[in-house]
Amino acid sequence: MGPACWLALSSLLALGALLEGRLVGEGDAGFGECDQFFYAETPPAGLVAEGHVKICQRSEGAQRFATLYSTRDRIPVYSAFRAPRLAPGGTEQRWLVEPQIDDPDSKLEEAINEADAITSVNNLGSRQALNTDYLDSDYQGGQLYPFSLSNDFHMATFTLTNAVPMTPSFRERWYMNLNSLMDQALTPQCGGGDDLYILTGAVPSDHNVKDKVTIPEFVWLAACCAVPGGGWAMGFVKHTRDGDVIEDVMVKELEKLLPFNPQLFQNNCGEKEQDTEKMKKILEMVNQVQDEERTVRSKETSSPLSSTRSKKSALLPPEASEERSSFLGKLIGFIATPFIKLFQLICYLMIGILKNIVYFLWYVTKQVINGIESCLYRLGLATISYFLAIGEELASIPWKVLKVIVKIIRAILRILCCLLKVLCRILGIPVRVLVDVATFPVYTMGAVPVVCKDIAMGLGGTISLLFDTAFGTMGGLFQVIFSVCKRIGYRVTFDNSGDL
């Protein structure tokens, strides 16, 4: 399908559709009903900034896709959609505006024509791009989510919140890239596209159209296939410079190219379960898409030459035209035609060879640069590790020196203790003798009173014992004598009583 057919289709679809663009509150974490267009119903993390508006694009009461729009740059940051399908043909395009971006109090929930919005929307164009911003410029509105990928007859892709400034040639190649990638590479490797999540976005540059609408530095596409056990994720980048073909990159590399280093898919689209074989097949088809674009680009560069020659022949006078129509002119033309064709073929081959050489050199240079970066990174890590090890050793030196000093002091103290013990043992005997001799008088004089006391106590005890013995003996004799006398007295008394 050519660009003329696409332009023809857009008007019919836009005229027949009742388009809605529901704005999502800035405080909301997601896109409301349009979260279904994101993997795991989670929008990209890290891309929302001040001046960004979340839009749930609707038509005919149904959600079609989601858009994060920058009111500062007046271009979309990205659009998210699912399961693209090729659309039928139609007529010319017709762009619409979103009333609630410029007028938050507007009661209009449908995207409307710019001409109708002039009288019904306050501050029209203060925060979003208008169709008049592209007039008398070299740029046209190019859709991030092209209508050619939608299977809906009534759709919201022709809102200016889904468009960025593109040159006509770039827009044609961008649409061609998207259609080829979807039809040949992405959809076939994802089970027909039912589990395919697509993000298309633009990164602003320092240039703009009429000091209003920012021209993108490059546009990008990220695809996530969520088929269980066979998913994958791929990224693509296309710079707005003429001659650049679409480039395939890994999603993590794409995230590094975007502002704020975001995360496009939650959990990196199931990174641990991705199917590398399908990714290889996708890359093979991407190479074919790139070759197709190079072929189209080479035809575009050669077509101006033929058109210039036709213009020059049209400016020739009638006499020259008659001479050209002569038999001699036809003969010369017949003879020269093969040489001209051969020259064109040689030029085409030389251009193709030079392009391939340039691409090869660029690839080799890129690989060398990546290798150098990897080596420098590893060298930096090794250097840091080396200096960290040296620093640890240097930091441990004072502690180790202190431990050695403590051990030396302990050894010296042990030696001194041993010496003192030996000295004490050597001096032990004479000292004891001297002490005993010196203390003998003291002990002797101190013992005399004690001995005298003991002798006195012994003598006293002996005398006391003698007295006790004498008194005891005498007391016993007295008791014996008394008892004998007592018995004799009883007997005398008894005898005297008998006489009576």
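These legends go with close-up views of a predicted model. Local features need pLDDT of at least 70 and side-chain atom pairs pLDDT 80 or more, while totals for chains, interfaces and linings use all residues. Residues are numbered from 1 along each chain as its sequence is written, and side-chain values use heavy atoms, leaving out hydrogens and water.

View 1. Residues 345-364 are 100% helix and 0% strand (helices are DSSP runs of H or I, at least four residues; strands are runs of E, at least two). The end C-alpha atoms of this stretch are 28 Å apart. Residues 455-482 are also 100% helix, with end C-alpha atoms 40 Å apart.

**View 2. Lys407 on helix H9.** Look for Lys407 within helix H9, residues 327-499.

**View 3. Ala40 in a loop.** Here you can find Ala40 between strand E1 (19-24) and strand E2 (52-59). Its phi is positive, about 60°, although Ala40 is not a glycine. Most residues other than glycine have a negative phi. With a relative accessible area of 42%, Ala40 is partly exposed.

**View 4. Lys210 in another loop.** Lys210 sits in the loop between strand E9 (196-209) and strand E10 (213-225). Lys210, not a glycine either, has a positive phi of about 55°. Lys210 counts as partly exposed, at 42% relative accessibility.

Technical notes:
Buried < 20%, exposed > 50% of the residue type's maximum accessible area, 1.4 Å probe, protein only.
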